[in-house]
Amino acid sequence: MAYVVAEPCIKCKYTDCVEVCPVNCFYEGENFLVIHPDECIDCGACEPVCPTKAIFPETELPEKWKEFKPLNADFSTKWPNIAEKKEPLAEAEDYKDKQGKRPLLSTNPGSKK
């Protein structure tokens, strides 16, 4: 089992989760993070530190966000790995509590800075 990043991360991209991950299984998109399901060791360290409550064990992923399981698996093979904490997106506070952000998800990879 792995953890899954869901819709609340879109347009926020806080990286507190990346900082606590012992196996560096996070991958960075332009405005979203994903977890590689084969690299995640199911330790759960990331879930409680997420400011947007966007990370779920795959067995507890809300039905409305089920599509994020395959999205995490797919994008984690295409986007660059992120292993260090970065500043959240400039608009993160504005989008932190918004609902219905799925149309805003960019498929572009994140920066390699």
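Does Thr52 count as buried or exposed, and at what relative accessibility? In this predicted model, Thr52 counts as buried, at 10% relative accessibility. The residue is found in the loop between β3 and β4. Apart from its neighbours within four places in sequence, Thr52 is in contact with Pro8, Cys9, Cys12, Tyr14 and Lys96.

In soluble globular proteins, nonpolar side chains tend to be buried together. The largest nonpolar core here has 31 residues, of which Val5, Phe26, Phe32, Ile35, Ile55 and Phe68 touch the most other members. At least two residues of this core come from each of β1 (3-5), α1 (16-20), β2 (26-28), β3 (33-35), β4 (55-57) and α2 (68-75). For Phe32, the contacts beyond four places in sequence are Val5, Ala6, Cys9, Ile10, Lys13, Tyr27, Phe68, Trp79 and Leu105.

## Helix α2

The buried residues of α2 are Phe68, Leu71, Asn72 and Phe75. Because they cover an arc of only 100° around the axis, they are on the same side of α2. These buried residues of α2 pack against β1 and β3.

Phe75, which has its place in helix α2, is buried with a relative accessible area of 7%. Not counting residues up to four places away in sequence, Phe75 touches Val34, Leu105 and Thr107. Phe75 and Thr107 are 32 residues apart along the chain, and their C-alpha atoms are separated by 7.9 Å.

A search of the whole structure finds 0 disulfides. Cys25 is in no disulfide, and the nearest cysteine sulfur, that of Cys21, is 3.7 Å away. Cys25 counts as buried, at 3% relative accessibility. Cys40 is likewise in no disulfide; its nearest cysteine sulfur is that of Cys25, 4.6 Å away. Cys40 is buried, with a relative accessible area of 13%.

Cys40 is also among the contacts of Met1, which, leaving aside neighbours within four places in sequence, touches Cys40, Asp42, Pro57, Glu58 and Thr59. Met1 lies in the segment before β1 and is partly exposed, with a relative accessible area of 47%. Met1 and Pro37 are 36 residues apart in sequence, while the distance from C-alpha to C-alpha is 7.5 Å.

## Salt bridges

Side chains of opposite charge can pair when their charged atoms come close. A search of the whole structure finds 7 salt bridges, including the following.

| Salt bridge | Closest N to O distance |
|---|---|
| Glu28 and Lys86 | 2.8 Å |

Glu91 is partly exposed, with a relative accessible area of 23%, whereas Lys11 is buried at 18%.

Lys85 counts as partly exposed, at 44% relative accessibility.

Glu28 forms a salt bridge with Lys86. Glu28 is in strand β2 and Lys86 in the loop between α2 and α3, 58 residues apart. Glu28 counts as buried, at 2% relative accessibility, and Lys86 as partly exposed, at 23%. Lys13, Glu28 and Lys86 are linked in a network of salt bridges. Lys13 is also one of the residues in contact with Phe32.

Definitions and conventions
Residues are numbered from 1 along each chain as its sequence is written. This is a predicted model: local features need pLDDT of at least 70, side-chain atom pairs count only at pLDDT 80 or more; totals for chains, interfaces and linings use all residues. Side-chain values use heavy atoms; hydrogens and water are left out. A nonpolar core is a set of buried Ala, Val, Leu, Ile, Met, Phe, Trp, Tyr and Cys residues joined through side-chain atoms within 4.5 Å. Buried means under 20% relative accessible area, exposed over 50%, partly exposed in between (1.4 Å probe, protein chains only). Helices (H or I, at least four residues) and strands (E, at least two) are DSSP runs, numbered from the N terminus. Contact means heavy atoms within 4.5 Å. The arc is that of the directions from the helix axis to the C-beta atoms. A disulfide is a pair of cysteine sulfur atoms within 2.5 Å. A salt bridge is a side-chain nitrogen of Lys or Arg within 4 Å of a carboxyl oxygen of Asp or Glu.
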